[in-house]
Amino acid sequence: MRYHLRVGILIYIIAFTCLMLWWKSSPADTHRASIFSSGPYLKTRVGGKGSGKNHRRHDIEGAVEEFFNARPILGDDPFVDRILNTSLRLCNGNFVGYAGLFAKLLNVVVDISYGSGRKGGENLSEVLHQEETKEFYTYKTGFFQLPCNEKVQYSFMGDSHHLNAWMENGLQTNLKTFSSASLKHSEFAIAITRYEYVNLYHTMTDFYNAFLMLKLFQIQPGDATILWIDGHPEGGLDATWRTLFGNVQRVSELQKPVQFKNMVWSIIGYESPIDNHLLPSLPYHEEFRQFFLAQHRISFKYELNCDKLNILIIWRHNYVAHPRNPKGSVSRKIKNEDELLKKISESFPTHNVKGIQIDALPMQKQLEIIARTDILIGMHGAGLSHTLFLPRHSGLVEMFPAYYTSENRHFRAMAGWRNLLYSKWENTDYLRESFDESTNVDQNEVAKQALNIKRIMCKRSN
């Protein structure tokens with residue numbers, strides 16, 4: 001009897017082992033790709049179902065969920081360590097402040113009857129010449145309400161203007177006057193006031209801050225709501241918010257008091273790690289890049305081919321983006337675009353060289369181009385924020401006019417955090433400057449720098 005039992009167990013083990021080996025080697029296994037490894041196309045939980053033509057997309061669930069679910073630990077990054085080591089619990093634990101940068105609130109009620117501000121979302125043509133102050137809310141005590149009788153005293157650091165306004169003017173903790181919330185919001189909410197809401201660089205700080213909040217509190221992108229507490233008109237980057245995070249709501253839409261079980265008052269853009277250019281590292285920068293590309297269904301698997309580089313020059317052209325600039329005037333333009341494009345093309349005769357106004361394209365198209373760019377060339381400006389999404393081997397040539405110092409380290413810092421190659425050209429001859437704020441750049445020197453980046457890049461790859 002025991003003999004037959006042992007034989008039966010042995011047969012079962014052998015059969016189970018064979019089945020597992022077959023399953024691991026089956027083609028279906030290739031569809032369980034990781035956002036942080038080789039899977040180039042991802043089907044996100046945000047933005048609805050994918051189209052049938054994109055069969056190569058992989059499911060974002062898996063490694064992306066694993067990343068957001070994993071608890072941050074000491075040693076991940078000095079900035080993260082500072083946050084983990086500096087928290088203050090108030091209001092019976094319903095308010096927790098972190099490093100003077102952001103706070104998490106539990107069971108908070110938002111009652112917009114205690115505030116005033118524009119609805120927001122208007123067409124730009126309807127609000128031309130509108131003063132910026134009209135796009136920000138003012139608050140009376142009761143805009144935010146927490147269930148405790150303790151007065152919460154907490155200060156946010158630096159340029160955290162609206163966070164201190166929420167704390168000092170908007171937050172109420174008197175249980176006797178606690179609003180009866182007719183609606184309860186079950187999801188995780190990230191409250192944000194946007195400042196330079198159509199500028200890619202400054203909006204990138206907000207994108208990154210929201211991403212960081214999801215990571216720190218282990219929340220999936222599709223399980224959170226971005227709550228805009230501002231009254232800005234419709235902007236060119238609004239759609240990108242929805243692509244990245246799915247659920248975006250204006251505070252003006254909360255017609256009745258709403259209770260949020262979990263709400264984060266996010267880091268203000270001007271205090272973002274991205275805007276601290278002297279940081280030795282940017283927490284989770286490669287994960288942020290892959291998250292950003294994946295949410296736009298863009299491949300981040302691109303190999304360097306030194307025989308056929310992709311070289312992109314970004315042009316800065318006038319365009320109307322917000323009510324305070326109805327003429328759309330833009331500074332730091334390139335006067336001799338044609339000459340520069342010709343010189344770079346001659347210097348790289350067997351390679352792909354293009355010059356485009358990248359901000360005129362939809363974000364997905366921008367990212368498709370950037371994710372396959374080996375050398376990026378451009379004047380200092382918000383478009384160079386795409387340095388965050390370049391391939392890991394790539395390089396940046398940044399140009400500065402005579403009236404704008406190269407001490408502005410925004411994109412040099414991005415390149416440094418990602419260990420990309422970096423070079424700069426700075427104009428020192430005011431005769432190269434024009435009254436329309438365009439610069440006649442030294443195309444020979446820029447081409448020389450681009451060639452040097454190619455030499456180092458290709459040497460690295462060998």
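Reader: Which residue in strand 12 does Leu227 stand opposite?
Author: Leu227 stands opposite Gln249 in strand 12. Before we go on, this is a predicted model, so local features need pLDDT of at least 70 and side-chain atom pairs count only at pLDDT 80 or more, while totals for chains, interfaces and linings use all residues. Residues are numbered from 1 along each chain as its sequence is written, and side-chain values use heavy atoms, with hydrogens and water left out.

Reader: OK, and in what sense do strand 11 and strand 12 pair?
Author: Parallel, over 4 bridges, with strand 11 at residues 224–228 and strand 12 at residues 247–250. Two strands pair if DSSP finds at least two bridges between them. The strands (E, at least two residues) and helices (H or I, at least four) are DSSP runs, numbered from the N terminus.

Reader: Which helix goes with strand 11 and strand 12 in the β-α-β unit?
Author: Helix 6, residues 238–245, and the unit is right-handed. That means that, with the strands pointing away from the viewer, the path from the first strand over the helix to the second runs clockwise.

Reader: Switching to strand 18: how many of its residues are buried?
Author: 6 of the 6, residues 395–400, so strand 18 is largely enclosed by the rest of the structure. Buried is under 20% relative accessible area, exposed is over 50%, and partly exposed is in between (1.4 Å probe, protein chains only).

Reader: Which way do the residues of strand 18 point?
Author: Gly395, Val397 and Met399 go one way, Leu396, Glu398 and Phe400 the other, and all are buried.

Reader: What does strand 18 pair with?
Author: Strand 17 (residues 375–379) pairs with strand 18 in the parallel sense over 5 bridges, and Ile375 has Gly395 as its bridge partner there. Strand 19 (residues 421–426) also pairs with strand 18 in the parallel sense, over 6 bridges; Val397 has Ser423 as its partner in strand 19. Between strand 18 and strand 19 the chain passes through helix 10 (residues 410–417), in a right-handed β-α-β crossover.

Reader: Now charges. How many salt bridges are there?
Author: The count comes to 9, taking a salt bridge as a side-chain nitrogen of Lys or Arg within 4 Å of a carboxyl oxygen of Asp or Glu.

Reader: What about Asp238, which residue does it form a salt bridge with?
Author: Arg194, with the closest N and O atoms 3.4 Å apart. Asp238 lies in helix 6 and Arg194 in the loop between strand 10 (183–192) and helix 5 (200–216), so the pair ties together parts 44 residues apart in sequence.

Reader: Are those two buried or exposed?
Author: Asp238 is buried at 5% relative accessible area, and Arg194 is buried at 1%.

Reader: And Glu286, what is its partner?
Author: Arg392, with the closest N and O atoms 3.3 Å apart. Glu286 is in helix 7 (residues 285–295) and Arg392 in the loop between strand 17 and strand 18, 106 residues apart. Glu286 counts as buried at 11% relative accessibility, whereas Arg392 is exposed at 52%.

Reader: Where do Glu368 and Lys365 lie?
Author: Both are in helix 9 (residues 363–370), 3 residues apart, about one turn of the helix. Glu368 is partly exposed at 36% relative accessibility, as is Lys365 at 40%.

Reader: Last one: which residues do salt bridges with shared partners join into one network?
Author: Arg194, Asp230, Asp238 and Arg250.
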